[in-house]
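Hi everyone, thanks for coming. Let me put the structure up on the screen, and then I'll walk you through it.

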Amino acid sequence: MGEIDRASPEILKELEALRKANAELLSEISALQKQLQGTVEMSSKPICIDGPNAISLEHNTKFFSQTQHILYGSSSVQESVAPSEAKLEVGSKARANINEETPNSQGISVAHLENDWIYEDVGGCIRKSMGNCERLHNLDPYTISRYSRQLLVPAFGVKGQENLLKSSILIIGAGGLGSPAALYLAAAGVGCLGLVDHDVVELDNLHRQVIHTEGAVGETKVKSAAAACRAINSFLKVNEHYSGLQASNAVNIISKYDIIVDATDNLPTRYLINDACVVMGKPLVSGAALGTEGQLTVYHHDDGPCYRCIFPVPPPPDACQSCSDAGVLGVVPGIIGCLQALEAIKLASGTGEPLSSRLLILDALTTSVQKVKLRGRNHSCIVCGDAPQLSRENLHQFDYEAFTSSLMSDKIPQRKQMLPLSYGVSCKEYKRRCEEGELHVLLDVRDAHQYAISALPNSVNVPFSQLKERVPQIQDLAKGIDLEVEEAYPTEVLAQSLRPIYVICRRGHDSQKTVQFLRSNGFPDTFDIVGGLECWTREVDHHFPKY
Amino acid sequence: MQLTLEFKGGLELLFGSVKVHQIEVEPSDGKDKLKLQELLIWVRNHLLKERPEMFMKGNSVRPGVLVLINDCDWELLGQLDAVVDEKDTVVFISTLHGG
């Protein structure tokens, strides 16, 4: 310092200026360091960013899986994505918005990491890259973890999952078949799921329509099912179609999806779905279940037949049983619905052999699964044949209900009055006559298994199918002879004229046929109890069980 | 000729609610094979219990019924002209619509 003291005032002046500049630089560096520390919440986990101009903040090459903000230069990037606050959480819903671009006004190059992806903002555009993992596919680490057990299946693998994530599948009917189909497709990771139904959830649906809960009774099936699917997989896009499928909207709805699942419960809708799939060139996964039996096939795929090729003429309406009439064991549509999900996954992912030109038949009572060979495409089919009459332009004009003589719903058609009105009494009138003490016979003509569910006191069960054979028994009843307590009746009672017979069934259909039969077979005093037991519950006794 | 006949998809209701029937039937002209046309008539006359119109229409099965001979659609085998042999299985199945 002595030498400096002795130096010339010019040199001292120059030195002072240098010291000042040095101090300014130091404070600038310190400020920058502070800024750096404030911006980067340094993780204990290592960070490594791939790319030619990347800044390495740590030296380990492992991924890290926490959301962080880092200062970042630029990187090798492939996809553009949109960040949002929601993205900061692992597994957040925001991931579903991937591929949308949003500008960023700040213009600084900031990136954050989520689930091993690096989300980077460069020049107002957000981009995504994957750290130092070699990019052999488009599955991010979260997706890999989530679907790992499927990726491990050699026949399915990464390609299958990628295809599935890109696919859109439409499920028509959110009931017994649609419930398991939707749950499995949502869980398996399809890209987009469409749900079609116009019904609301009812109490008697719950035993088989397992996607709906007690709390959903009264709610629309589509809303309830969509919520359940989203709860399983928040990345899934769910489209809700509340109006149900009709000839007027079928082509439009079906055109938006890759694969169609027929999970409906009625004949005209099955023809409609088939036709719309054919004219729009979509494969159709068709399932049906009733009682203890189920059926499954894939129509209009790989030059296989369509529904009309197999069933060009609809069956007579009397041959079509519905779940509300014939019943269904809940697990049966459950199995078929799962198989429908399986076929849809196979079609969407390009895995295995879809069940085209073959029909699977399930018999739950004997646990037998049969697979049979079906005819091929019918070249004269009116929809998929060589000279089709139906097209996407004219399909909406086809009257499916008239074609099949049945309704586009499995709801019970209105009771038909077949008898002269004087042959019937209302439920209330019948009750009044009972209270007056009129001696009569009450015949319940339902099948024995239905009679076992609930029956009116003092009724006698003579199933409609056994009517002819049991006329002698009916005669005895009308004479006042109870076969089991015959001694109790004195002969003078037996000599009296026949007692009136009242006939009841579930909904008042078979009872009318019974009255018709008995009146023309020697029982003129026979009356129909109009509307059956359902009407009895409605008008006389609300506590009488309805099924 | 011994055959196994099965009625499914609700058709069993027309056959006394019995799904599987082991039957013994002789081809009318003494041949060793039986045409489906002949078998259908035999079924109508011997097994069918009620509502024949729910099983047959004209001389064939009603619309909505599939006939499978040894797990194969009878359309591929000649329909009414298809033949069955000793110990064959013929399934009559009504298409289901429920869900």
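Predicted model: local features only at pLDDT ≥ 70, side-chain atom pairs only at ≥ 80, totals over all residues.

Residues are numbered from 1 along each chain as its sequence is written, chains are lettered from A and ligands numbered from 1 in the order in which they are written, and side-chain values use heavy atoms, with hydrogens and water left out.

So, the interface. Chain B brings 25 residues to the contact and chain A brings 39; contact here is heavy atoms within 4.5 Å. About 2600 Å² is buried between them, 58% of that from carbon and sulfur atoms. Buried area is the accessible area (1.4 Å probe) that two parts lose on being put together, summed over both. On the chain B side, B:Leu96, B:His97 and B:Gly99 supply 28% of what chain B buries, more than any other three residues.

There are 4 salt bridges between the chains, meaning a side-chain nitrogen of Lys or Arg within 4 Å of a carboxyl oxygen of Asp or Glu. One of them pairs B:Lys19 with A:Glu293, with the closest N and O atoms 2.9 Å apart.

Now to the helices, which are DSSP runs (H or I, at least four residues) numbered from the N terminus. Where do helix 14 and helix 19 of chain A meet? A:Tyr430 and A:Lys431 are among the residues on the helix 14 side, and A:Trp536 is one of those in helix 19. Thanks, everyone!

Technical notes. Helix = DSSP H or I, 4+ residues; strand = E, 2+ residues; numbered from the N terminus.
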